[in-house]
Amino acid sequence: MVPPPPPRPLRDLPPAPGVTLVEGGVEVCFYAGHADGVDVCLFDAGDRTGTSERRFPLTQRAHGFWFGHLAGVAPGQRYAVRAAGPWRPDLGHRHNEQKLLLDPYARAIEGEVTLAPEVFGHRVGVELAGDTGLRDDRDSVGFVPRCVVADERFDWEGDAPLQRSLAESVVYEVHVRNLTKLLPGIPQHLRGTYAGLAHPVTLEHLTRLGVTAVELLPIHAFTSEPELSRRELVNHWGYNTLGFFAPHAAYASANDPQGVLDEFKGMVKLVHRAGIEVILDVVYNHTAEQSAVGATLSWRGLDNRAYYRLDDRGHDIDVTGCGNTLDLRHPVVCRMVLDSLRYWVQECHVDGFRFDLAVALARGRYDDYDPNHPFLVALRTDPVLSRVKNIAEPWDLGIHGWRTGQFPPPFSEWNDQFRDSVRSFWLADVGRDNDDRSGHGVQDLATRMAGSQDLFGARDRGPIASVNFVTAHDGFTGRDLTEYDVKHNEANLEGNRDGSDNNLSWNHGVEGPTDDLGIQASRQRSVRNLLGTLFTATGVPMLNAGDEIGRTQHGNNNAYCQDNGISWFDWDVQPWQQDLFETTRFLVRLRAMLPVLRQRTFHLGAPADGDGRADVAWFGAGGQPMTTERWTDPTNRTLAMYLDGDRLGERSALVLLHGGAAAAEVTLPTPAGLSAYELLWDSAWPRPQGPQVVEPADGPVEVTAASMHVYRAVFHP
């Protein structure tokens, strides 16, 4: 007779949260600090109704964690959690053991949420509205997903972080599904998937374009909101997280949960092999449970009071616009986010993160933003997380929520001021100039072109703290900025009330598509101006995927719920779109070719080496240095930025920006020793041409209306 195994020793401290494979089974651990009991529930594969459910009460408890050992559990096991405890909504307690809960640390999630009354902890009717104070005792087991125990082993074949410098980075913000859903050359079953993103056809496009990183819209497991379901639409962007450790299964070609995780890892490996980093857009500011009127799916049922920001009456404090806000003041919540980040870096090899509504993560004791918030301090000092790329979206919807430039190093930040200044100069102000109205002049544009030192000059951050962008997933595409004065979001079924009204766009005289060849040419030149400014400005450029081929969303500036042709890239491109791709590709190469465009430190704007030459100098249309009067003149539409590369041992460059609605003659500056300028790029060119020599002594150069030039300086030997 084989003796029974010795009893497992009692523990003073709980094991790692979630499910951890150990010899002979798994260790399980869940935080439910105000619960009276926690059960682990095991299910057979394929059991959607819950008939195979076996419950195992956890008997060990420490510091709010419930934990234990389950013998015989192996990878592939389906499981979930139930928590019993007080139902006191006025105190923030919403325990309900009839609701099956996801493990917040689950590595794989199988199945979808069915938005039936049973998934709500409180009593609702058929229309999913009801009394949030009245507990619902119907079992949700047949309407919610299952967690799956995953095997973390994976053959990385020597994959290692690429560790590209931010100064050399070109970020490509992209949606996994949109990019490849219609991409020719990719097998149908791989389109819109992780495997499709890593397919040679996709990688060829990315490598030809020259981007160094893909920033993926949320790939954490997510679900759709009840309101979208009522409109028969879906959450397409993914900012509605269901699990912070599990890749979204619908983006995989694999059908089994383990295969989903392996496919994601395989995608990262192949993208790295192409020389491209992977950055994840992560949503730690709120969850899919929404406010108290939402479903009970995980955190709310485990410990609503700990996981979410609540007021004194147990109501959600919402600074995200999504109903709830995760409370990173609580050490368990802060740890969950840090553990999640480390998991994606260490186990899935991602290279960095873009933090959605990052201000919400750093609101302190009195709900105000704190740059020394414990979460930010922990992340900045973590030996793993402090070494990857961390990019903040520096705002949320709470009071004093706009915080651009106020995140501590080594964070970089989305620079919305760059976006607005560039759009104003090339679109809104050109439209004003066309109507003989003054615009905003050139002063703010110059600040943005030089790296936005007014925003990022503190704490020795440098211009690499500024992630420059003109368009992003949220808003008009580059093409739509030139075709629409107002948003056209009717397909979202919100009465066109959603989405921003402050687009700083200009339709060039006609709303929407037109057959007028002159307007088409002007619009295409405007798109090239936006791209040219993005890639010649100091900072880290971020390109909204699809802008390189003139993608349109037909005026929809908030396509978050459009998993269809509005969002999917149309690869049946016209000749002008092919020209635009070659232009974008050239501008990326131009940035790499001219190191003077990729400064890691701010320009001094004054002579530094005793030779009388400044590292950056600004000139007006007459070739003379800018004066205070010209800087403050709202009618001034022409600016030349001269970047001296001599002290870097590199070629100097001149970027000429003319935002006038009419053509102009501009005299180029003539620094000492200058022999000639090479015109490398003119935004009036539909397609890049070879360098052209311009002799400054020959007089003014002709500049097309609303266009820009990039020159390389040639000096006497």
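A nonpolar core is a set of buried Ala, Val, Leu, Ile, Met, Phe, Trp, Tyr and Cys residues joined through side-chain atoms within 4.5 Å. Buried means under 20% relative accessible area, exposed over 50%, and partly exposed in between (1.4 Å probe, protein chains only). The model is predicted: local features need pLDDT of at least 70, side-chain atom pairs count only at pLDDT 80 or more, and totals for chains, interfaces and linings use all residues. Residues are numbered from 1 along each chain as its sequence is written, and side-chain values use heavy atoms, with hydrogens and water left out.

The largest nonpolar core has 183 residues, of which Tyr172, Phe353, Phe355 and Phe375 touch the most other members. Helix H7 (residues 331-346) gives the most to this core, with 10 residues. Apart from it lies another core of 15 residues, including Ile279 and Ile464. Helices (H or I, at least four residues) and strands (E, at least two) are DSSP runs, numbered from the N terminus.

Helix H14 (residues 575-593) has buried residues including Leu580, Phe581 and Arg591. Its buried residues pack (contact: heavy atoms within 4.5 Å) against elements including helix H13 (517-536) and strand E31 (707-715).

Asparagine 564 is found in the loop between E23 and H14. Asparagine 564 is partly exposed, with a relative accessible area of 26%. Its polar pairs (N or O atoms within 3.5 Å, one able to donate a hydrogen and the other to accept it; residues adjacent in sequence count only if both atoms are side-chain atoms) are tabulated.

| Asparagine 564 group | Partner | Distance |
|---|---|---|
| side chain | glutamine 562, side chain | 2.8 Å |
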